[in-house]
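Take a look at it first, then we'll go through the parts one by one.

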Amino acid sequence: MKPAPFDYVRAKSLGEALAALGDDAMPLAGGQSLLPLLGLRMASARLLVDIGHLDELRQSSATDATVTLGAAVTHAEIEDGRVPDPGHGLMRSIARKLAYRAVRNQGTIGGSVAMADPAADWPACLVALGATARIAGPDGERRVAVTDLIEDIYTTSLVPGEIIVSFDIPRLHAAAKTGTAKVMRKTGAFAMSFVVAVLHDGDQADRIVLAGAGRRAERLAETSDAVAAGMDEAALRAAVAADLAGLMDAPDDYAVRLHTAVVLRALAEARRS
Amino acid sequence: MVEHAGGWIGASLLRKEDARHLLGAGAFVADLKLRGLRDVAFVRSDVAHGVLTAVHKPDDAATRVFTAEDLAWVNVLEAGPELAAFRSGPYPPFASGKVRYVGQPVAACVAQNRAHAEDLAERVSVEIDALPAVIDCVDALAPDAARLFDGWPDNAFITSRVTEGDPASLAAAPIRLHRRLRMNRQATVSLECRGIVAHYDARLDELVIHLSTQGPHVMRRGFAMALGLPEHKIRVIAPDVGGGFGGKNRMMPEELAIAAIAMKVPYPVRWIEDRREHLIASVHAREHVYDLTISADTSGVLLGIEGDVFVDAGAYALWPSGPFMETSMAARNLPGPYRIRHLDIRTHTVATNKAPLGPYRGVGRPGACFAIERLVDEVAHALGREPIDIRRLNMVTSAELPYDTAGGLRFDTGDYPAALETAIERIGFSAVRARQKTGEPDGRVIGVGIAFYSEQSGHGMAEWTKRKSRVVPGYESARVRMLPDGSVVIHVGVQNHGQGHETSLAQIAAHELGLDPDRISIRYGDTATAPFGFGTFASRSIVFSGGAVARSCRMIVEKLRLIGAHLLQATPDAVRIEHGRVLSATGSVSFAEIAAAASIRQELLPDGVEPLLEVVSTYEPTDSRGVFSYGTHAAVVAVEPETGEVEILDYVVAEDCGTMINPLIVDGQIQGGIAQGIGTALYEEIPFSDLGQPLATTFADYMVPGASEIPAVDIAHACTPALVTEYGVKGMGEGGAIAPPAALANAIADAFRDIGVRIDETPLTPRRVSDAVAAARSAHAAQPSEAAS
Amino acid sequence: MRTITLSVNGEDLTVTVEPRESLADVLRERLDLTGTHLGCEHGVCGACTIEVDGKATRACLILAVMAEGRRITTIEGLRDDPVAAVLRRHFHEQHALQCGFCTPGMLIMARDLLNRSTPSSEKDVREGLAGQMCRCTGYAGIVRAVLAAADETTSTRSPTP
Ligand SMILES: Cc1cc2nc3c(=O)[nH]c(=O)nc-3n(C[C@H](O)[C@H](O)[C@H](O)COP(=O)(O)OP(=O)(O)OC[C@H]3O[C@@H](n4cnc5c(N)ncnc54)[C@H](O)[C@@H]3O)c2cc1C
Ligand code: FES
Ligand code: FES
């Protein structure tokens with residue numbers, strides 16, 4: 001389980017990294033997804049451009065309205081509260097249950113989004129928070145909502161040569177309520193089902209976002225509307241089933257039971273919060 | 001008899017082997033560094049079943065790639081029991097003619113390190129014409145199923161039958177329940193994968209093999225036969241071994257290939273199995289299907305079991321034993337501890353296009369225990385009775401021991417109902433029943449499950465010859481050597497790989513010699529220095545090796561007594577031994593003085609006494625049919641019915657393994673065994689696609705339970721010594737792993753017994769549990785009155 | 001190949017590596033520090049856990065070239081560490097190891113846990129060690145040992161900044 005040969009450069013600046021990212025080169029952040037894939041020889045690259053330490057990607061800042069997290073902020077830094085949390089603790093609590101501490105110490109939020117694993121935690125969280133990615137590329141910078149950035153299983157709209165620099169994450173309204181729920185085969189494993197619920201976020205619509213079911217983390221539209229409309233449990237269940245039918249090719253009975261239960265759990269937590 | 005010195009037997013002595021591991025200074029195979037070492041990566045079949053038409057070596061590296069052609073000189077070992085009815089296809093180190101499972105080695109690539117060897121492996125091209133894969137061990141027996149081996153009439157290695165009593169009488173039984181139960185395939189998952197480093201030592205003119213193994217001596221025998229070398233030209237060294245659990249006790253193709261290559265190249269070669277290789281192509285375990293009918297009378301008396309047991313044995317028989325032992329142990333253990341007198345079990349040991357099945361902690365019995373203990377609960381549910389009452393009614397009592405079961409096992413000593421009652425009490429059975437009535441605030445449903453296991457150990461010649469084993473591990477050996485300063489080195493033929501032999505065997509020696517364990521070293525794992533022995537498996541080490549150590553020590557003591565008495569000018573019967581000294585009425589002499597006399601000052605020896613304090617002896621229990629440890633596991637679970645998540649709230653074991661040499665180690669074995677049993681019950685599985693592709697090939701898909709998944713087990717001990725072993729010990733290394741699938745499945749079924757849920761397949765993943773509950777709910781809703789009965 | 005200098009257990013070691021070599025492989029194969037074990041090479045088992053810049057890290061999931069200029073601590077570097085010493089004693093007393101293969105990674109992670117917080121409950125310890133697989137012990141002795149060590153070291157450890 002050793003990777004095929006590649007070259008490695010540690011970029012000194014974002015510009016240098018962008019310049020190095022030519023053909024068949026890949027950014028390397030924490031390595032917690034890329035290195036296992038390379039080791040299994042399920043991925044290969046001619047060149048890895050190490051961006052994990054770049055100042056531009058390590059910086060975080062906050063205004064009253066928005067928190068900006070560098071793409072190379074690690075899961076552990078979020079867990080430990082070393083960066084501002086636009087979700088009033090939501091991100092910290094998600095980080096705490098993501099993988100294992102030794103993985104969290106190296107793995108980054110940007111790497112997680114770029115990886116676009118359909119069961120990953122940050123995509124669901126950032127979609128629920130309405131985050132926007134700032135992306136640098138050979139032709140300059142662009143901004144795109146995380147919900148649009150992630151297109152499919154392990155697929156983003158990033159083109160070769162582009163780097164996610166940071167995420168702008170709107171702060172939740174002080175009165176917002178949040179809840180998460182996750183079912184895993186065992187502690188630290190990728191989710192079978194993961195739901196982030198954000199309710200009463202000022203004048204924003206409610207967001208119930210599910211990962212682990214479809215091809216990417218997605219806001220459950222009917223479910224979110226049903227919640228906003230204060231519908232009863234039976235109606236909520238029907239709404240989840242309708243959303244799943246849109247999300248999955250042919251959701252089997254178990255998928256419906258599982259994801260419905262996880263949605264209801266996240267909602268219950270949000271209402272208690 | 002020697003006087004007891006300080007009560008070493010039964011002391012929870014802290015382990016001698018801890019220090020090096022706590023410093024990271026253990027020495028495992030992969031830690032070994034030999035000059036010029038090269039690494040090997042294997043090219044493996046990516047097709048489950050097919051005709052291998054060509055293997056192309058890259059032109060620039062032909063001498064570094066080895067295929068079946070290059071190893072055609074290696075002898076194929078005949079494997080499996082010495083039974084005419086047992087068929088077995090040849091299992092050469094590299095596939096030739098056909099490939100029969102995904103992961104089967106096709107070629108080996110040698111390079112300066114593993115990464116380069118993998119680069120080379122990618123450049124070897126393999127052509128295979130795929131054939132239909134045989135994936136299901138029941139369907140495999142259909143007349144039109146594809147055949148793994150030409151010339152076999154069907155895909156069975158062996159079809160056999162266990163009958164006892166009058167099974168025909170069962171047809172009239174008032175209660176007859178048919179169930180089909182399944183325990184799925186898993187890996188053994190020692191944390192250290194397999195590994196081997198081999199080189200030809202020109203000076204000694206011998207092949208030196210460092211191997212992560214449970215049995216270096218038996219492996220040397222296999223290497224010698226396969227490689228056509230006399231045994232004195234092979235040295236097998238097992239260094240620290242990072243777990244085995246059965247998975248490191250068979251001759252595997254990779255290891256044979258490395259040894260064979262080492263004979264042909266002028267440098268040491270190494271192969272360290274990686275985790276993907278381990279999950280795909282190491283010893284697989286457990287896969288059983290039970291199609292059984294249990295009969296009972298209306299009072300709940302169990303009458304008999306009929307039906308079929310299928311074992312999915314994978315593509316080949318592994319040397320030495322092959323897969324039939326798995327099947328016959330499963331069938332013979334089916335009656336459990338119950339007075340079930342009528343048995344008619346057809347067994348099918350079936351070849352499929354999967355990696356070969358091998359032993360894994362508990363061998364056969366976790367499946368058998370799961371089957372019988374599930375069936376007992378089903379009978380109870382059918383009769384509207386408490387499962388514990390059906391057990392009480394049918395369990396063999398201490399007054400009936402020794403008891404010959406319908407499966408041909410002879411239960412020796414103990415009090416089985418007492419273990420049941422202790423477990424019932426410790427788990428708070430009635431409190432759980434009360435709690436179930438009130439329901440859980442979080443919507444989960446609570447269940448309690450019970451399972452009894454017994455564990456044959458210390459079985460010697462009688463049992464192994466009955467199994468027609470081609471290697472009969474009927475004894476163990478120990479060489480005890482007292483050095484000139486009175487300290488002691490003991491070489492044994494078993495292989496410590498976590499069991500704490502360096503400590504427990506030293507305790508036995510300390511007890512016999514009247515010497516502090518600090519003055520005693522236990523050595524093992526090197527065929528050049530240890531006397532022949534069979535290794536560590538089948539919970540045999542404490543009985544056999546412990547017995548051999550005791551026996552050899554006693555012989556040393558006799559000589560110490562003789563020489564000591566002479567030095568004290570007393571008669572041997574007038575001296576005693578205490579704290580490393582021989583004492584007479586008037587004086588004493590230390591072991592050091594005696595050992596010095598025996599080793600370097602022979603003029604001090606009595607006439608006719610030979611120098612040296614060194615003895616090799618062997619040991620076998622006086623009755624070699626085996627002694628049985630046993631116990632009852634009880635578990636309380638909380639089940640989330642929608643998602644199917646299972647949380648273990650409480651886990652209790654009431655067990656009896658006879659005399660404990662070191663209770664700390666005993667508890668460690670129980671807790672560790674249960675963790676593995678929980679893995680089998682709830683987490684671990686290697687599913688296969690229809691094409692025979694294994695679907696759990698990394699730890700991202702193969703779930704090994706972690707600290708959050710395994711509860712601390714409440715362990716209650718009873719002690720009924722064995723009658724036929726030293727000190728009354730019984731082996732107990734496997735018991736922990738046997739009962740958890742049964743206990744947990746029963747607990748989950750119990751949670752939903754009101755709707756008649758069917759819990760019949762492990763691992764009980766969230767999906768399986770949720771599906772079972774949903775199926776029961778809808779059946780119940782359709783026919784409420786019937787389903788409730 | 002590329003020549004790099006790694007700071008390992010307080011010593012600067014110069015070593016020539018391929019970029020693709022994991023830090024675990026370089027520690028083990030090139031620097032002979034074999035206390036760092038490999039149980040999966042894909043981040044799940046925890047046997048390879050070491051510290052990089054004081055942070056518990058999977059040595060199998062970091063390239064040696066990435067670790068240049070960072071402070072690396074392996075089990076071999078913790079011989080005289082006071083927290084590790086307390087953990088070792090409790091691991092020994094609580095029978096927290098059998099085959100010993102998981103032990104170095106387990107100790108590093110347990111020490112990291114104690115240095116970051118005071119786990120007061122069994123649940124805390126179990127979650128903290130969830131990424132450290134042990135196939136032999138069933139974890140009970142490990143959990144007891146870490147709790148005992150936490151108790152003993154509470155007074156001496158410096159609180160997390
Ligand atoms: C044992 C284990 C368990 C895990 N469990 C979970 C879990 O439960 N939930 C979960 O969400 N994740 C889990 N993960 C994945 C973990 O979160 C990874 O850290 C994360 O997905 C990848 O981040 P990274 O910084 O390590 O990225 P890398 O591995 O360095 O890179 C991943 C991919 O993203 C690209 N990339 C990285 N950074 C950027 C960037 N800034 N711009 C553009 N492209 C970039 C890389 O080129 C690569 O293709 C687990 C990982 C492991 C090893
Ligand atoms: S070897 Fe690194 S986590 Fe398993
Ligand atoms: S002691 Fe063997 S893996 Fe933990």
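## Before you start

Keep in mind that this is a predicted model. Every distance and area below is computed from that predicted model.

## Chain C and its two domains

Let's begin with chain C, which splits into domain 1 (2-77) and domain 2 (82-154). Going by C-alpha atoms, the centres of domain 1 and domain 2 of chain C sit 22 Å apart. How many residues of domain 1 of chain C are in contact with domain 2 of chain C? On the domain 1 side there are 17, and they meet 13 residues of domain 2. Together the two domains of chain C bury about 1,100 Å², with 60% of that area coming from carbon and sulfur atoms.

On the polar side, 7 residue pairs are in polar contact between domain 1 and domain 2 of chain C, counting pairs with both residues at pLDDT 80 or more. There is also 1 salt bridge between these domains. C:R111 and C:E51 form a salt bridge, and their closest N and O atoms are 2.9 Å apart. As for who lines the domain 1 side, strand 3 (49-52) and strand 4 (55-58) of chain C each bring at least two residues. Strand 3 of chain C gives the most, with 3 residues. By type, the residues on that side of domain 1 of chain C come out as 7 nonpolar, 8 polar and 2 charged.

## Where ligand 1 sits

Which chains does ligand 1 lie between? The answer is chains A and C. Ligand 1 has 33 residues around it, and the closest are A:P27, A:Q32, A:L34, A:T108 and A:D121.

Some backbone atoms of chain A come up to oxygen atoms of the ligand. A polar backbone atom of A:Q32 is 2.7 Å from an oxygen atom of ligand 1, and for A:A29 the distance from a polar backbone atom to a ligand 1 oxygen is 2.8 Å.

## Where chain B meets chain C

Now for the interface between chains B and C: 53 residues of chain B touch 46 residues of chain C. The area buried between chain B and chain C is about 4,000 Å², and carbon and sulfur atoms make up 56% of it.

How many salt bridges are there between chain B and chain C? The count is 5. B:D119 pairs with C:R20 in a salt bridge, with the closest N and O atoms 2.6 Å apart. Chains B and C also share 26 residue pairs in polar contact, both residues being at pLDDT 80 or more. Helix 1 (18-22), helix 2 (114-122), strand 9 (186-187) and helix 15 (663-683) of chain B each supply at least two residues to the side that touches chain C. Helix 15 of chain B has the largest share, at 8 residues.

## Salt bridges across the structure

Over all chains, a search of the whole structure turns up 100 salt bridges. In general, side chains of opposite charge can pair when their charged atoms come close.

Within chain B, B:E287 forms a salt bridge with B:R185, the closest N and O atoms being 2.6 Å apart. B:E287 is in the loop between strand 14 (284-285) and strand 15 (288-296) of chain B, while B:R185 is in the loop between strand 8 (175-183) and strand 9, so the pair ties together parts that are 102 residues apart in sequence.

Terms used. Residues numbered from 1 in each chain as written. Chains lettered and ligands numbered in written order. Predicted model: local features only at pLDDT ≥ 70, side-chain atom pairs only at ≥ 80, totals over all residues. Heavy atoms only, no water. Domains from an automatic or database assignment. Contact = heavy atoms within 4.5 Å. Buried area = accessible area lost by both parts, 1.4 Å probe. Salt bridge = Lys/Arg side-chain N within 4 Å of Asp/Glu carboxyl O. Polar contact = N/O pair within 3.5 Å; in protein donor to acceptor, adjacent residues only side chain to side chain. Helix = DSSP H or I, 4+ residues; strand = E, 2+ residues; numbered from the N terminus. Nonpolar A, V, L, I, M, F, W, Y, C, P; charged D, E, K, R; others polar. Near = heavy atom within 4 Å.
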